[in-house]
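Me: Please take a close look at one part of this model, a pair of packed helices, and walk me through it. I would like one connected account.

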Amino acid sequence: MTFTMFSDQDLYHSSLLSLFLIGPPTFLACQFLTAPYGKHRRSGWGPTISPPLAWFLMESPTLWLTLILFPFGKNHNNPLSYILISPYLFHYTNRTIFYPLKLYFNSKGGSPASGFPVSIAFLAFVFNLLNAYVQARWVSHYAEYDSDEWFWVRFAGGMVVFAGGMAVNVWADEVLVGLKSEGGGYKIPKGGLFEYVSCPNYLGEIVEWLGWALMTGSWAGFGFFLYTFANLAPRARFNHEWYLQKFGEDYPRKRKAVIPFLY
């Protein structure tokens, strides 16, 4: 009997394929069921932890796994690899560290009902392990910088898209966290892109990872973009329907869920 060693390339290709394969069932499942946190929190999903702690723990692999993997890539001495990974790390430094801190310092003292289910946080943690490996390994090892004549053109164009998306994402999060810190329950967010869509925070994040896909010019980046859309677009629809049900005639009828004028 002979055994074939499972190489790093095999692991990478299997992980990349997995990233694409989980997208369609995620999109389908999210048409009927939305994760029970935030506006949609409900009982029956097991123990909970505080939302700031949940966000920190479940997003953390994007930072520590990336930093662990990078020195082992063949591109670890190439400055272009660090330039390329910087937007990814910038986003996840905000999402892993600064966003949970904002939630913590702006909270009004949550109850157990406002907790974040450990089961959902664990699923997000597993996804981030998978995705961080795929993205970091591509940038640090499998990308071919020396023969890439279009690197700077692609990076510049993608960076414009990414930066625009992140600006929208961070701004919208600030508005939502600010409204929550005022107390008195949920309110109708207003101003900027909130006049066009219920979830500009999700729109911004989708646009961010479209920019990332353009920057990397890779299947890894494209797979991440597709999964982000598969996960966030249906949740945006649930959020939109929640606003309509809660605020009734007071909620602007011209707003869409996540894509202005379309969806």
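Reply: Phe127, Asn131, Val134, Gln135 and Trp138 on the α6 side are in contact with Ala220, Gly221, Phe224 and Tyr227 on the α9 side. Sorted by class, the residues where α6 touches α9 are six nonpolar and three polar, with no charged ones. The model is a predicted one.

Two packed helices are described by the angle between their axes and the distance between the axes. Here helix α6 covers residues 118-142 and helix α9 covers residues 219-247. Their axes come within 9 Å and cross at roughly 150°. An angle over 145 degrees counts as roughly antiparallel, and α6 and α9 are therefore roughly antiparallel to each other.

Another residue of helix α6 is Ser140. Is Ser140 buried or exposed? Its relative accessible area is 0%, and under 20% counts as buried, so Ser140 is buried. The side chain of Ser140 reaches the backbone oxygen of Ala136 at 2.7 Å. Apart from neighbours within four places in sequence, Ser140 is in contact with Leu69, Phe70, Gly73, Lys74, Asn75 and His76.

Over residues 116-263 the chain is 69% helix and 1% strand.

Methods
Residues are numbered from 1 along each chain as its sequence is written. This is a predicted model: local features need pLDDT of at least 70, side-chain atom pairs count only at pLDDT 80 or more; totals for chains, interfaces and linings use all residues. Side-chain values use heavy atoms; hydrogens and water are left out. Axes are lines fitted to C-alpha atoms, for helices over the stretch in contact, and angles run from 0 to 180 degrees between N-to-C directions. Helices (H or I, at least four residues) and strands (E, at least two) are DSSP runs, numbered from the N terminus. Angles under 35 degrees count as roughly parallel, over 145 as roughly antiparallel, 65 to 115 as roughly perpendicular and the rest as oblique. Contact means heavy atoms within 4.5 Å. Ala, Val, Leu, Ile, Met, Phe, Trp, Tyr, Cys and Pro count as nonpolar, Asp, Glu, Lys and Arg as charged, and the others, Gly among them, as polar. Buried means under 20% relative accessible area, exposed over 50%, partly exposed in between (1.4 Å probe, protein chains only). A polar contact is a pair of N or O atoms within 3.5 Å; within protein, one must be able to donate a hydrogen and the other to accept it, and residues adjacent in sequence count only if both atoms are side-chain atoms.
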